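Biologist: Can we go through this one together? I would like to start with the rings and then move to the packing.

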Amino acid sequence: MDHQLDVESFLAAAEELLAVPSTADRPEDLRKALGFMVDFVGPGFTVEWFESGGKPSALIYRAAERPRFHVILNAHLDVVPAPPAQFRPRRDGDRLYARGAQDMKVSALVEALVFRELAGTVPYPLALQLVTDEEVGGRNGTLHQIKAGVSAEFVIIGEYSGLRIVTDSKGIITATLRAIGRGGHSAYPWLADNALVNLHRSVANVLAKYPVPADEAWRTTVNLARIETPNQARNQIPALAEAWLDIRFPPEDSDLNGKTAEEITAYLASFCEPGVTPIVDLADPPHHADRDRPEIHALRRAANNQGYQAEFLRKHGAADGRFYYQHGADAVIFGIGGDGLHGPDEYADTTTIIPYYQALKEFLSNPSN
């Protein structure tokens, strides 16, 4: 059956989903958004429920027992916090404004709609993966399901892309530099060892190696997110201090890519002054998908047929595709258009909804051609 997208009905459903403030600190709303999507898909499918770290997720497919899937459509339903007004969706011309409109509830709903229409007819195992923790790391959603045995040959993550295809994204390291010195009276600095000064020098060493780029650049960047000390007095020399670093690195950075947490810790220690110790809190590798595989050719052709060039992109941020990459599966980001990500004016470009819907349908009809 050749389904046509009823745009008004679709947008009404999207607005209902966008009105749910499904942020990490609102577990009931995470469940509400997930339940909404499962109900939207409707009956006739197997629904596997997962939960880890208080974050629910679901996997929907046609078979009675879970197979290895040829294609998984992945979507996250959690959003970053916003004022209440951003959870009251509004339309202005071709823009649908709301928190999560671009990232990524509208794309998620298109994925669910296409799955509902095609999962019962395509001659291969297809799944819809719905998670609620991507904005806080993805480890209790996509990664938890992978560790539970969910696997696929190819994954489409419906993050915003304007119908371009993201085949590469940077790895992420979060690290803490912890400085321990010796406190004392500020009038006698030679009798103490200022932890904050040592920390500042260590951070400066890191930033000298990885300066903030003046323009977009496909290279490693370091964000100094926080510096703190428990010191409470101006005339007291700090004995303790900490700095938070957020490091994003491409596959080409041989100092970081392919390294263990212990190796990264030793590398960061080479920048640190005496008394400053690095602690790697998180280390995930970059993500890469083979641009020559047939599914990517098929997806690009499907987008071309909707009037989009489907250029290949590299993404500076991390996404759940890195978890599939770690487990030997190619994943790409492919979603609708929009702008204002995580900001006060986030919106979805509604003119990209039908082309995205049609491109997904064409691709899923023959993903290996």
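Predicted model: local features only at pLDDT ≥ 70, side-chain atom pairs only at ≥ 80, totals over all residues.

Biologist: How many aromatic pairs does the structure hold?

Modeller: There are 7 aromatic pairs. Tyr61 and Phe69 make up one of them, a tilted pair with 5.4 Å from centre to centre and 55° between the planes.

Biologist: And Tyr188 with Trp190, what kind of aromatic pair do they form?

Modeller: That pair is edge-to-face, with 80° between the planes and the centres 5.7 Å apart.

Biologist: Is Trp190 buried or exposed?

Modeller: Trp190 is exposed, because its relative accessible area is 63% and the cut-off for exposed is over 50%. Tyr188 has 43% relative accessibility, so it counts as partly exposed.

Biologist: Which ring does the charged end of Arg116 sit over?

Modeller: The ring of Phe40, at 4.6 Å from its centre. Arg90 lies over the face of Tyr97, 4.2 Å from the ring centre.

Biologist: New topic, the packing. Which residues touch the most other members of the largest nonpolar core?

Modeller: Phe10 and Phe334, in a core of 63 residues. Helix H3, residues 101–118, gives the most to this core, with 11 residues.

Biologist: What does Phe10 touch, leaving out residues up to four places away in sequence?

Modeller: With those left out, Phe10 touches Leu5, Val106, Leu109, Val110, Leu113 and Ile353.

Biologist: Why would nonpolar side chains be together like that?

Modeller: In soluble globular proteins, nonpolar side chains tend to be buried together.

Biologist: Where does Leu196 lie?

Modeller: Leu196 is in helix H5, which covers residues 195–209. Its relative accessibility is 29%, so Leu196 counts as partly exposed.

Biologist: Last one. What separates the C-alpha atoms of Leu196 and Asn366?

Modeller: A distance of 59 Å, and the two residues are 170 residues apart along the chain.

How values were computed
Residues numbered from 1 in each chain as written. Heavy atoms only, no water. Phe/Tyr/Trp six-rings, centres within 6.5 Å; stacked < 30°, edge-to-face > 60°. Buried < 20%, exposed > 50% of the residue type's maximum accessible area, 1.4 Å probe, protein only. Lys NZ or Arg CZ within 6 Å of the ring centre and 35° of its normal. Core = buried A, V, L, I, M, F, W, Y, C linked by side-chain atoms within 4.5 Å. Helix = DSSP H or I, 4+ residues; strand = E, 2+ residues; numbered from the N terminus. Contact = heavy atoms within 4.5 Å.
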